[in-house]
Amino acid sequence: MSDNSTFEIEINGVTLEAHPDEMVIQVADRNGINIPRFCYHEKLSIAANCRMCLVEVEKAPKPLPACATPVMEGMKVYTDSPLARGAQKGTMEFLLINHPLDCPICDQGGECELQDVAMGYGGDVSSYTEGKRVVMDKNLGPLIATEMTRCIHCTRCVRFGQEIAGLREMGAVGRGEHTLIGTYIEQAISSEMSGNIIDVCPVGALTAKPSRYSARAWELNQSNSVAAHDCVGSNINIHTFRDQVNRVVPLDNEHINECWLSDRDRFSYEGLMHQDRLGEPAVLDHGEWTRQDWQIALARTAEILQTAVAEHGEDQVGILVSPNATLEEMYLLFRIADHLGISNIDHRLRQTDFSDQDNAPVSPSLGVAIAELDEQNAVLMIGSNICKEQPIIAHRLRKASLNGASIMSLNMRDYDTHFEQDEKLLGCPSGVINHLAAVTRAVLELNNQQAPSDLSDILAHNEPGDEHKRIATKLMDAEQGSVILGVQAISHPHYSVLEVLATQLAETAGVTLGYLTDGANTAGACQAGILPHRKTAGEDRADPGMDAGQMLSGTLKAYVLFNLEPEYDCWNAEQTIKVLTAAEHVVCLTPYVTDTMRGYADVLLPVTPYTETSGTFVNIEGNWQSFQGAVSAHAESRPGWKVLRVLGNLLDLSACDYMSSEQVREELASHVIDVAAGKPPVDRVPVKLFDQPDAGLQRLTGISIYGVDNITRRADSLQKTPVAQDQMIRINSKLAGKMQLRDMDRVFVKQANNRIRMELVIDDGVPDQCVWIPGGTEHTAQLGDLFGDIELEAD
Amino acid sequence: MSSEQQKRFGNVLTAPVCAEIDKWVANYPPEQKQSAVMSALRIMQEENGGWLTNELMDAVAYYLDMPRIAVYEVATFYSMYEHQPVGQNKICICNSISCMLNGSGKLLDYLQENLGVSLGEVTKDGKFSIKEVECLGACVGAPAAMIGKQYYEHLTPEILDKILQDLD
């Protein structure tokens, strides 16, 4: 608040403290005095168009709307005087004139603000006997159901679009009695935060389509949990009905997601009960899959691991863990691996350049608290499609941008954002490195500093242009600034170089260096020791094992896969499947099973997704957020930590008699004391020059917003959204002209040994000689490296 | 204009149309060019024979850098924007209190019968369409009508008939 001075006002005879720039309703809310309202929402601008919050103010000739009446010293407000009550009752009657009162068939019934307020403040009978207005519904896409006849024109959804989502798609068209809230032309709402309009709608006009007509609000049980699809760790409430997840809604947490939730976190639950769910443990026996008891399947798993280690050595076993696994699962996997002497263990599945891993932070972090992003003055995002990858972080950056911050990006594709970008640098993979070198050099020059010797070549090679100097100046001038390495930077074929340069840049400019990682628990994986070069809490391994890339480049004897589908989740889909198929043994601990998985696995152990287990995710701030299971485990599947505990016992792992996941967490917590302190720097990787343009076409990949993990990929409604349906490759008009291709042409994409047919879009936001391809989709699960050489052929 | 936009709006955002809109844009501070939305819609409507299509409204949104829905809101709020084809002569009969008391209802009945079309329809020859509008601000000359850009006052069916014949 800008002004810290306070004065006193009186509401209903009680003296209360108020700040000069507050409205009456804010003071009342803070002190638990209930004023009915529909259009007022604390996160949205004030519209004062529903008139429900009319109150009596002394010396005012008529009732005033509490949401739009600024407080004044000595003001006396009455919220339930006869005048106020009469005004509220009258307003309620007006609001109900056109409302259909179809509560018995309305999904909002039981959790409806209109219902509640009508009960509390309305009359018993309406004086209105004429016909009611009927509004034809518009289809807003697969996520949001509409029943616009119920709309009371509060315009919260309109303001949400304009102010929060930054994408004004809803509006009030027409006039007077004929006013309608809608999109005017039929179109799906495209914001990745669109589901929030369901929450802000005070009536049943906008409801959740996937859970429509499935349960009544009062039949649902509620469990607090943490969203499992990005590194933000949005807080959620899981609503369950008859031991099934019925829907997911946000849980207010001002430090993380406020009252918002991304559509991915809200609607991904639909994937939980997909037909691919693995119900029982299964073992491959002489080429036949047979259902087995847990005991036999786990004994077989222990035998595979022990035999592989005994006969071929510890370095012939590889363990790959999804960055969405819980902290407890990760720690137990670490303990089992450590016990067997296996150091080939990794969670960095979409990364390929690990050469500077010894300089990586013990736990990747945003560098600032998520809420502090609002107050940044300058942010440079490197390799990030922020709105699709971490929608809540994008929302914070949008707030910063509206506060006047300069948000800048360095990307391999010009991604749309719902906020202004002050500067955009665009380049192919090597171009991005050169841009970053130029910005780093500009910052060093502004600081009159010499280039560090190991960077002198690459810096000398990259003369800063005006745009680089502008970015450098903005970062230098920022009181609070950040350089953020995003998911696509981490997947970059020369990530180590980007990291070296970004570290140098942040250090010289005096701003923080942050990471926005893949998955929900990458920070947890690093802290738990799911790394080949480090143990728990970042302790160096004496003898580093193979990283994910090495494990999947040549075949090992045995693999353990935890909660992942390698053809979608790994750097090189085609190669990974080949390697796994050639391996002697593959054990999959997985919630889902596919034919591909049956093709390479020997043992399938059904573990539960996050809704059916207790656990902890560490978000990108380093916040340990624990949750309980919301529903029982499906069929014979079991929480991962329990399965691993029993496996640990079978392998004679000492002190592995945990009674709860909390015990596992507490034990890990006792090791992880101060991961933020970091490690002493070691020599950086040598940085070579990137002065030769890449010879052929280069593949660029952005993982599709709804293709990030096994649950999301099975969420039906999300898959039906236009953004998930967009499976087209993108090339710029220069390349299209050269190859004589047109928009929507079909082309063959050739990579590795595969050739797939895809549609193309001409997009001048893609750099020259590059082909942008969505990742994590069925099509591209047959291709090779996420970045690298690729060929296009006209159909 | 990017190639995509060029393809989409090039044929409606012609040079003279843009020049005309630019005159209005120049009346406002550069960061508030959306203030010209009403004029831009009017220019587009005149250019298109008196009515707006979604494409024309989208073109205005693109040209003034506004969300499309914000243009739809304006274009559906004001009654002088048409969303269906109209006749060469759009006959707007005032239906508000003074005109109503002075017989605007009779004028409407007469027109509908005489032209053989109802409100909102266009005569087969494309010459006329009839519309009811809110107060024209000409109470002193009630009942009043606006045909094209011209006001006509103290109307009776006979006078109206003569006016239509003259327009023919």
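Reply: A salt bridge is a side-chain nitrogen of Lys or Arg within 4 Å of a carboxyl oxygen of Asp or Glu. In general, side chains of opposite charge can pair when their charged atoms come close. The model is predicted, so local features need pLDDT of at least 70 and side-chain atom pairs count only at pLDDT 80 or more, while totals for chains, interfaces and linings use all residues; side-chain values use heavy atoms, with hydrogens and water left out. Residues are numbered from 1 along each chain as its sequence is written, and chains are lettered from A and ligands numbered from 1 in the order in which they are written.

With pLDDT being the predictor's confidence in each residue, from 0 to 100, chain B averages 93, and 98% of its residues score at least 70. The model as a whole scores ipTM 0.88 and pTM 0.93.

At the interface, 14 residues of chain B are in contact with 14 residues of chain A, where contact means heavy atoms within 4.5 Å. The two chains bury about 1200 Å² between them, with 53% of it on carbon and sulfur atoms. Buried area here is the accessible area (1.4 Å probe) that two parts lose on being put together, summed over both. B:Ile69, B:Glu73 and B:Phe77 supply 43% of the area that chain B buries against chain A, more than any other three residues.

One of these residues, B:Glu73, also forms a salt bridge with A:Arg168, at 2.6 Å from N to O.

On the side of chain B that touches chain A, helix H4 (54-64) and helix H5 (68-77) each supply at least two residues. H5(B) gives the most, with seven residues. Helices (H or I, at least four residues) and strands (E, at least two) are DSSP runs, numbered from the N terminus.

Over all chains, the count comes to 55 salt bridges. One of them joins A:Asp374 to A:Arg396, with the closest N and O atoms 3.0 Å apart. A:Asp374 lies in the loop between strand S16 (345-346) and strand S17 (378-382) of chain A, and A:Arg396 in helix H10 (residues 391-402), 22 residues apart. A:Asp374 counts as buried at 11% relative accessibility, and A:Arg396 is buried with a relative accessible area of 2%. The term buried means under 20% relative accessible area, exposed over 50%, and partly exposed in between (1.4 Å probe, protein chains only).

A further salt bridge is formed by A:Lys474 and A:Glu423, at 3.8 Å from N to O. A:Lys474 lies in helix H13 (residues 466-477) and A:Glu423 in strand S19 (residues 423-426) of chain A, so the pair ties together parts 51 residues apart in sequence. In this pair A:Lys474 is partly exposed at 25% relative accessibility, whereas A:Glu423 is buried at 8%.
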